[in-house]
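The sequence and structure are shown first.

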Amino acid sequence: MDGSVSKPSWTHKLMKDHELLCSKIREEADELCRTLESNEGKDRTASEMADVLYHSMVLLAVQDVKLEDVLEILRKRFTQSGIEEKSSRK
């Protein structure tokens with residue numbers, strides 16, 4: 001430590017408080033859906049999606065899941081129908 005005072009970190013707070021993190025993901029997902037329902041436009045949709053991604057990525061870090069692992073699952077899903085993929089999970 002160099003003796004400087006560090007700024008509070010929202011990410012650190014979310015990583016320590018799982019209830020807060022989950023509530024933020026739910027809140028941001030709802031706001032993203034409202035951009036469609038209320039026809040709020042591309043900029044607002046992109047902004048809300050950024051919030052969903054940010055909070056989801058914090059959850060991934062808490063769970064020690066690499067984004068690359070999520071992307072690999074998505075790549076595999078693109079090679080089959082969504083209906084078939086869901087059936088294979090049972």
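## The end of helix α2

Helix α2 is followed by Asn 39, whose phi is positive, near 50 degrees. The model is a predicted one. Asn 39 sits in the loop between α2 (18-37) and α3, and its relative accessibility of 68% makes it exposed. Most residues other than glycine have a negative phi.

A second residue of this kind is Asp 64, which has a positive phi of about 55 degrees although it is not a glycine. Asp 64 belongs to the loop between α3 and α4. With a relative accessible area of 64%, Asp 64 is exposed.

Helix α2 has 20 residues, and from its first C-alpha to its last it reaches 29 Å, close to the 28 Å expected at 1.5 Å a residue. Its buried residues are Leu 21, Lys 24, Ile 25, Glu 28, Glu 31, Leu 32 and Thr 35. Seen down the axis of α2, these buried residues fall within an arc of 130 degrees, so they line one face of the helix. An α-helix has 3.6 residues a turn, so residues three or four places apart point the same way.

The cover over the buried residues of α2 includes α1 (10-16) and α3. On the face turned away from the buried side, α2 carries the exposed residues Glu 19, Arg 26 and Glu 37.

Leu 20 is also part of helix α2. Leaving aside residues up to four places away in sequence, Leu 20 touches Trp 10, Lys 13 and Leu 14. Leu 20 and Tyr 54 are 34 residues apart in sequence, and their C-alpha atoms are 14 Å apart in space.

## Salt bridges

The model contains six salt bridges. In one of them the side chains of Lys 24 and Glu 27 meet at 3.2 Å, N to O. Both residues lie in helix α2, three residues apart, about one turn of the helix. Lys 24 counts as buried because its relative accessibility is 15%, under the 20% limit for burial. Glu 27, at 35% relative accessibility, counts as partly exposed.

Another salt bridge joins the side chains of Glu 40 and Arg 44, at 3.2 Å, N to O. Glu 40 is partly exposed, with a relative accessible area of 35%, and Arg 44 is partly exposed as well, with 39%. The side chains of Arg 75 and Glu 72 form a salt bridge at 3.3 Å, N to O. Because Arg 75 and Glu 72 are three residues apart in helix α4, about one helical turn separates them. Arg 75 is partly exposed, with a relative accessible area of 47%, and Glu 72 is partly exposed, with 34%. Salt bridges that share partners join Lys 24, Glu 27 and Glu 28 into one network.

## A nonpolar surface patch

Which residues make the nonpolar surface patch of about 650 Å²? The patch is made by Met 49, Leu 53, Met 57, Leu 67, Leu 71, Leu 74 and Phe 78. The elements that give two or more residues to this patch are α3 (42-62) and α4 (67-77).

Met 57 is placed in helix α3. Its relative accessibility is 44%, so Met 57 counts as partly exposed.

Note on methods. Residues numbered from 1 in each chain as written. Predicted model: local features only at pLDDT ≥ 70, side-chain atom pairs only at ≥ 80, totals over all residues. Heavy atoms only, no water. Patch = residues over 30% accessible without salt bridge, like charges linked within 9 Å, V, L, I, M, F, W, Y side chains within 5 Å. Areas by Shrake-Rupley, 256 points an atom, 1.4 Å probe, with all protein chains shown as cover. Salt bridge = Lys/Arg side-chain N within 4 Å of Asp/Glu carboxyl O. Helix = DSSP H or I, 4+ residues; strand = E, 2+ residues; numbered from the N terminus. Buried < 20%, exposed > 50% of the residue type's maximum accessible area, 1.4 Å probe, protein only. Contact = heavy atoms within 4.5 Å. Expected span 1.5 Å × (residues − 1). Arc of directions from axis to C-beta.
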